[in-house]
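Dear colleague,

I am handing over the structure we spoke about, and below it you will find a short account of what was found in it. Please read the account with the coordinates open beside you.

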Amino acid sequence: MTSASTPDRLMDAALKLFADCGYKATTIGAIETEAGLAPRSGALYQHFKGKQQLLEAMLDRELAGMDELAHAMEMFPLGDLRAELTMLARWNLASLDRRASLTRFVRREADLLPQRQRAKLYDRLVARPYAEIVAWLGSRFRDAGVDAPDLDPLALILIESMAAYRELDRVFGQVPGQVDDERFVQAWVDTAMAVGRRHGLS
């Protein structure tokens, strides 16, 4: 297994520290130390002009992996709505885990980011995935020949409930009823199926 390149180590270190401490409070030396490099040695400047360019490169790298949902949905249709919903639920929980540091950073620093960067983050983290889910749900109702409910708020409810579940566990180390992932996924799928049945989707 090859070790990460120095730029990737610096970006990993920056993401962790920006999420934990904030962009302004994180020094170049702290990033170099977190990356396993000698602090204030100039190692960061061999790859980036400074902290701002490192931030931009880190965000670009993280956002490049945000098209996973489209790849996951290429396996659809499976011919079984419950199986598709279960796959989506498990995929989304895993995706939330993978981007936990990025999510913490965005929640902490979004107001301080330039509008261009905030717009890019919103597009890749929110707008595109939601549009893909809404389009997929719409296709299921169309294929069944029934009218779809209002899918935009439905997608918000379904997706953000997962984010809230993960956030409770992250902040408090537990969730009400000690619900684990399997119980959560089953209840989430049951809820989505109930909504579908109510609107004529079998």
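Among contacts between residues at least 6 apart in sequence, 63% join residues at least 24 apart in this protein. Please bear in mind throughout that this is a predicted model, and that the values in this message are computed from it.

As to the overall architecture, the secondary structure comes to nine helices and zero strands, so that a reading from the N terminus onwards gives the order α-α-α-α-α-α-α-α-α. The C-alpha trace spans about 65 × 40 × 35 Å along its principal axes, and of the 202 residues of the protein, 41% count as buried.

One local feature may be of interest to you, namely a nonpolar surface patch of about 280 Å², which is made by L168, V171 and F172. Of these residues, L168 lies in helix α8, which covers residues 151-172. Is L168 buried, exposed or partly exposed? L168 counts as partly exposed because its relative accessibility is 34%, and this class lies between the cut-offs of under 20% for buried and over 50% for exposed.

With kind regards

Definitions and conventions: Residues numbered from 1 in each chain as written. Predicted model: local features only at pLDDT ≥ 70, side-chain atom pairs only at ≥ 80, totals over all residues. Heavy atoms only, no water. Patch = residues over 30% accessible without salt bridge, like charges linked within 9 Å, V, L, I, M, F, W, Y side chains within 5 Å. Areas by Shrake-Rupley, 256 points an atom, 1.4 Å probe, with all protein chains shown as cover. Salt bridge = Lys/Arg side-chain N within 4 Å of Asp/Glu carboxyl O. Helix = DSSP H or I, 4+ residues; strand = E, 2+ residues; numbered from the N terminus. Buried < 20%, exposed > 50% of the residue type's maximum accessible area, 1.4 Å probe, protein only. Contact = heavy atoms within 4.5 Å.
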